[in-house]
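Me: Please take a close look at the aromatic pairs and at what surrounds them. Give the cut-offs as you go.

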Amino acid sequence: MSGNSTQNKSKAPLIATIVVAVLALAAVIALIIVLSLPKGDEQPSGNSGFTVTKEFEQECQYAAHDLISQSFEVMRLFVFDGLSYNGEPYGNEPEDGLFTVATEYNSKYTTLEDIENLVRSTYTGGAVETVLHNVDGHAHTIYQNRTVLVEAVYEDEPAQGESRPMYVEKEVLGISAEFVPNPSKKELWANCSIKIVPTSETTCELTVYLGGVDENTDLSAVDPNHVVELEMIKTADGWRLTEFVC
């Protein structure tokens with residue numbers, strides 16, 4: 001998890017400012033504000049013959065907004081907060097190393113598939129595996145399926161002499177008991193700006209300014225620790241970030 005310094009590109013086509021309001025366990029993404037930067041006489045191009053059209057610029061803008069917003073949500077789940085969970089009886093530690101996620105208070109992520117779909121719609125393959133199984137650099141899988149015993153519910157009366165189990169196994173969403181929230185950069189990511197530089201029909205360079213900037217900011221004077229460089233690529237399934245950086 002790092003922030004990398006970057007050089008100011010005078011021909012960057014736009015900056016999108018993203019404001020994220022955090023309410024309880026849900027992140028609400030506000031409408032972006034687009035601030036035009038001085039472009040000079042030419043549109044930027046990453047290779048000979050590539051021209052940035054207004055339509056492509058808008059496509060990149062929308063994609064960058066959505067991906068950075070989704071990436072913030074991933075950070076919230078895997079780094080900043082995690083999902084709330086139910087403790088074990090008598091305050092015991094879970095034998096399987098997992099707590100049961102309190103899905104009764106969370107309607108958005110009730111299954112492991114819900115979380116995996118968010119991650120896969122945000123990143124490319126390698127970054128997906130990093131988030132799901134190595135987000136802290138120590139091969140730590142935060143969310144897993146967990147098998148628990150729940151009280152059996154039957155819709156009909158048992159036949160005479162029939163014996164039915166009082167409890168049955170159920171697969172639920174679990175969160176690692178080793179997970180420790182680290183909200184140190186949450187506020188910075190919650191109000192950030194992105195400089196978007198298309199370099200080809202399928203690639204864009206993104207520079208994220210944590211804490212936000214505007215058209216009057218001297219970008220070369222921004223604290224390098226508050227600058228993150230990312231790449232966004234267009235895949236068969238849409239635009240994706242190529243790495244997870246927090």
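Reply: Both Tyr 123 and Phe 244 are buried, meaning under 20% relative accessible area, where over 50% is exposed and in between is partly exposed (1.4 Å probe, protein chains only). The model is predicted, so local features need pLDDT of at least 70 and side-chain atom pairs pLDDT 80 or more, while totals for chains, interfaces and linings use all residues. Residues are numbered from 1 along each chain as its sequence is written, and side-chain values use heavy atoms, without hydrogens or water.

Searching the whole structure gives five aromatic pairs (ring centres of Phe, Tyr or the six-membered ring of Trp within 6.5 Å; planes under 30 degrees apart are stacked, over 60 edge-to-face, the rest tilted). One of them is Phe 78 with Tyr 143, edge-to-face at 5.2 Å centre to centre and 80° between the planes. Because Phe 78 is in helix 1 and Tyr 143 in strand 6, this pair ties together parts 65 residues apart in sequence. Helices (H or I, at least four residues) and strands (E, at least two) are DSSP runs numbered from the N terminus. Phe 78 counts as buried at 3% relative accessibility, and Tyr 143 is buried at 5%.

Tyr 123 and Phe 244 are also edge-to-face, with 5.9 Å between centres and 75° between planes. Tyr 123 sits in the loop between helix 2 and helix 3, and Phe 244 in the segment after strand 11 (238-241), 121 residues apart.

In helix 2 (residues 112-120), the residues Leu 112, Ile 115, Leu 118 and Val 119 are buried. They span an arc of only 130° around the axis, so they lie on the same side of helix 2; the arc uses directions from the helix axis to the C-beta atoms. Their cover includes helix 1 (54-80), helix 3 (125-134), strand 6 and strand 7, with contact meaning heavy atoms within 4.5 Å.
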